[in-house]
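Please look over the sequence and the model before reading on.

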Amino acid sequence: MKRLMKKLESFLEKGGTKKDITLLIISGISLIFSLTGWNLFPFDTAWISIILCGVPIILEAVIGLVTAFDIKADVLVSIALIASVCIGEDFAAGEVAFIMQLGGLLEDLTVARARAGIEKLVHLTPQTARLISNGAEKIIPAEEVSVDALLRVLPGETVPVDGVIISGQTSVNQAVMTGESLPVDKTVGDEVSSGTVNQFGAFEMRATKVGEDSSIQRMIRLVQSADAGKAKIVGLADRWATWIVVIALSAAALTWLVSGEIIRAVTILVVFCPCALVLATPTAIMAAIGNATKHGFLVREGDALERLASVSKITFDKTGTLTYGTPQVIKVKSTTVELSEMELYNYFAAAEQLSEHPLGKAIIRSYKKDNETALLPCEKFQMLPGRGVRAEIDGREILAGNLEMLAEKNISVKDAVFSEAEDYLSRGCTVIYIAISDKLSGYAVLSDTVREESAGMIDLLKGLNVQPVLLTGDNERAAYAIADQLHIEEVHAEYLPEDKLNWISFYQKRNESVCMIGDGVNDAPALKKANVGIAMGGVGSDIAVDAADIALVDDEVKELPHLIALSKRMMMAIKLNMTFSMTLNFIAIILAITGTLNPVVGALVHNAGSVLVIINSALLLKWRKK
């Protein structure tokens with residue numbers, strides 16, 4: 001028997017959406033022929049619908065009952081189908097089977113299929129490492145690295161395991177772990193994580209966490225566990241299926257016993273079939289998804305909008321979500337009377353034009369945006385990892401970098417200048433000091449800029465009774481500076497992927513529904529764990545998009561309040577659909593008990609109820625909150 005059930009399950013799983021649509025079209029045409037009496041075949045064409053749509057329903061019901069005693073809505077439908085056929089009401093059987101399969105198809109179309117996020121995370125895992133043993137360098141598989149092993153990492157390479165730098169200076173892109181838009185300077189004694197990318201200088205490190213204990217492997221496990229723990233919403237018709245079956249069979253049996261008319265009992269089974277109830281949710285979801293698509297959202301999970309309607313907190317990653325994620329020069333200050341700020345900016349940009357550092361590229365991008373003047377020629381350019389750059393411009397030595405670089409060159413910084421720079425640093429900005437001919441000439445300030453629409457979007461979310469929360473891997477000063485601009489009261493900064501996951505779990509344990517919005521690889525576990533994950537589709541990583549339930553294709557965060565309001569409106573439509581369908585069922589059952597309805601008329605009443613449910617759901621396609 002079990003072998004037979006497996007074969008049946010395999011048969012039912014074969015095919016696809018195109019095949020299902022084709023079968024539904026054929027079944028629909030056959031029902032029209034049966035209803036109008038125009039028949040080219042020597043049998044009632046309703047049998048085509050019974051075979052194409054009804055047989056799979058009966059098979060699924062049998063499999064569920066035999067393998068797991070799982071009673072779903074298809075059990076009652078199967079009973080009604082068989083009973084209708086037994087008394088010769090072929091059209092009623094075909095019509096009920098058609099409506100149920102239509103509802104099933106709509107549900108299938110709203111469910112996302114493949115998930116590639118974990119696979120892409122695995123691809124980020126470093127494959128090799130440069131092991132230093134007895135003074136010689138040897139390339140070995142990364143999984144063979146042991147704790148305390150001495151490793152070398154060259155510019156452009158991925159850090160193979162977690163460890164501590166023991167020699168060298170560099171800048172490391174930690175976006176995969178923290179989401180920070182700028183690389184972080186590293187020197188002797190600093191920790192580095194597996195999966196992060198060495199930008200410039202070579203360095204040697206001692207391994208501290210390897211294999212399954214490394215940062216990138218822990219993130220993969222976090223994503224897997226978060227996905228497994230996310231509950232899926234069960235269809236209402238299936239949730240109540242046992243009671244529906246028991247009540248329907250009891251009502252049919254009592255009516256048959258009292259009236260002695262089996263046709264009344266069959267009519268009760270037909271009108272009891274939850275056709276409109278089955279259509280109530282998927283039709284509203286599909287219409288809402290269509291609406292969301294017009295506003296730039298790609299809904300990847302069918303029940304994501306259902307979950308979104310109940311969120312009480314919406315958490316934002318900072319970089320690339322509330323901000324553009326690209327630093328810009330917001331201030332150039334000259335501290336000497338010999339140079340104007342524009343002249344200093346010219347020297348500064350010219351010195352950075354050959355830099356491969358993201359900050360250097362941001363400086364050139366900002367300069368070209370603000371000025372039409374061509375950059376001065378750059379000579380004797382030198383990159384100083386973890387410090388800055390050195391170059392010769394117009395015969396003068398230019399240094400652009402941090403305080404450590406100035407200290408090494410014995411260049412002093414006045415207290416007033418240091419105080420001004422600290423004020424910018426407290427707001428989350430980056431300060432680059434500029435020295436010309438071994439004398440401090442000024443400084444430049446770079447900052448990630450807030451999206452123009454972010455402030456208005458946050459205010460609208462509060463109006464929908466959703467609390468915004470800033471949940472970021474960036475430093476506290478940058479996080480609080482952005483939060484102050486956007487009037488976000490709750491801020492959690494310097495959070496690693498595991499910290500974000502724990503924060504979301506904490507609120508979920510308090511029965512609070514959380515939505516997470518992010519764009520980076522480091523956001524993937526939180527996007528999976530949250531009740532609803534929304535990824536920035538334009539600037540976001542592929543892994544973040546794959547981990548999310550919804551992708552914001554054009555990164556227009558101003559549409560987020562519409563999506564939240566739409567989800568709430570969709571749930572109202574679903575509740576209205578359900579109330580209407582159950583009321584219609586109740587009235588139809590009374591009429592069937594009294595003999596007013598026969599199976600065919602009962603099936604038509606159900607058909608009309610299903611059409612009205614679809615029409616009500618279709619109103620969501622163009623809905624927008626005024």
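The text below moves from the whole protein to selected helices, loops and single residues.

This is a predicted model, in which local features need pLDDT of at least 70, side-chain atom pairs count only at pLDDT 80 or more, and totals for chains, interfaces and linings use all residues. Residues are numbered from 1 along each chain as its sequence is written, and side-chain values use heavy atoms, with hydrogens and water left out.

**The whole protein**

The protein contains 25 helices and 22 strands; helices (H or I, at least four residues) and strands (E, at least two) are DSSP runs, numbered from the N terminus. Of its 626 residues, 52% count as buried. Here buried means under 20% relative accessible area, exposed means over 50%, and partly exposed lies in between, with a 1.4 Å probe and protein chains only. A contact means heavy atoms within 4.5 Å. Among contacts between residues at least 6 apart in sequence, 68% join residues at least 24 apart.

**Two helices side by side**

Two packed helices are described by the angle between their axes and the distance between the axes. The axes of helix H19 (residues 454-463) and helix H24 (residues 560-593) come within 8 Å and cross at roughly 20°. Such axes are lines fitted to C-alpha atoms, for helices over the stretch in contact, and angles run from 0 to 180 degrees between N-to-C directions. The crossing angle makes H19 roughly parallel to H24, a label for angles under 35 degrees, while over 145 counts as roughly antiparallel, 65 to 115 as roughly perpendicular and the rest as oblique. Met 457, Leu 460 and Leu 461 of H19 meet Leu 560, Pro 561 and Ile 564 of H24. By class, this contact of H19 with H24 has six nonpolar, no polar and no charged residues. In this scheme Ala, Val, Leu, Ile, Met, Phe, Trp, Tyr, Cys and Pro count as nonpolar, Asp, Glu, Lys and Arg as charged, and the others, Gly among them, as polar.

Helix H16 (residues 358-370) has 13 residues and reaches 18 Å from its first C-alpha to its last, close to the 18 Å expected at 1.5 Å a residue; the expected span is 1.5 Å times one less than the number of residues. Its buried residues include Leu 359, Ile 363 and Tyr 367. The buried residues of H16 pack against strand S12 (323-334), helix H15 (341-352), strand S16 (430-436) and strand S17 (439-450).

In helix H20 (residues 476-486), Ala 478, Ile 482 and Leu 486 are among the buried residues. The buried residues of H20 pack against partners that include S12, S17 and H19. Just after H20, His 487 takes a positive phi of about 60°.

**Loops and single residues**

Asp 394 lies in the loop between strand S14 (388-393) and strand S15 (396-401), and Asn 465 is found in the loop between H19 and strand S18 (467-471). Phi is positive in Asp 394, near 55°, and in Asn 465, near 65°.

Lys 500, in helix H21 (residues 497-509), touches residues including Asp 317, Tyr 495 and Asp 523.

| Residue | Class | Relative accessible area |
|---|---|---|
| Asp 394 | exposed | 58% |
| Asn 465 | exposed | 69% |
| Lys 500 | buried | 0% |
| Cys 429 | buried | 9% |
| Cys 515 | buried | 0% |

How many disulfides does a search of the whole structure find? The search finds zero disulfides, where a disulfide is a pair of cysteine sulfur atoms within 2.5 Å.

Conventions. Lists of a residue's contacts leave out its neighbours within four places in sequence.
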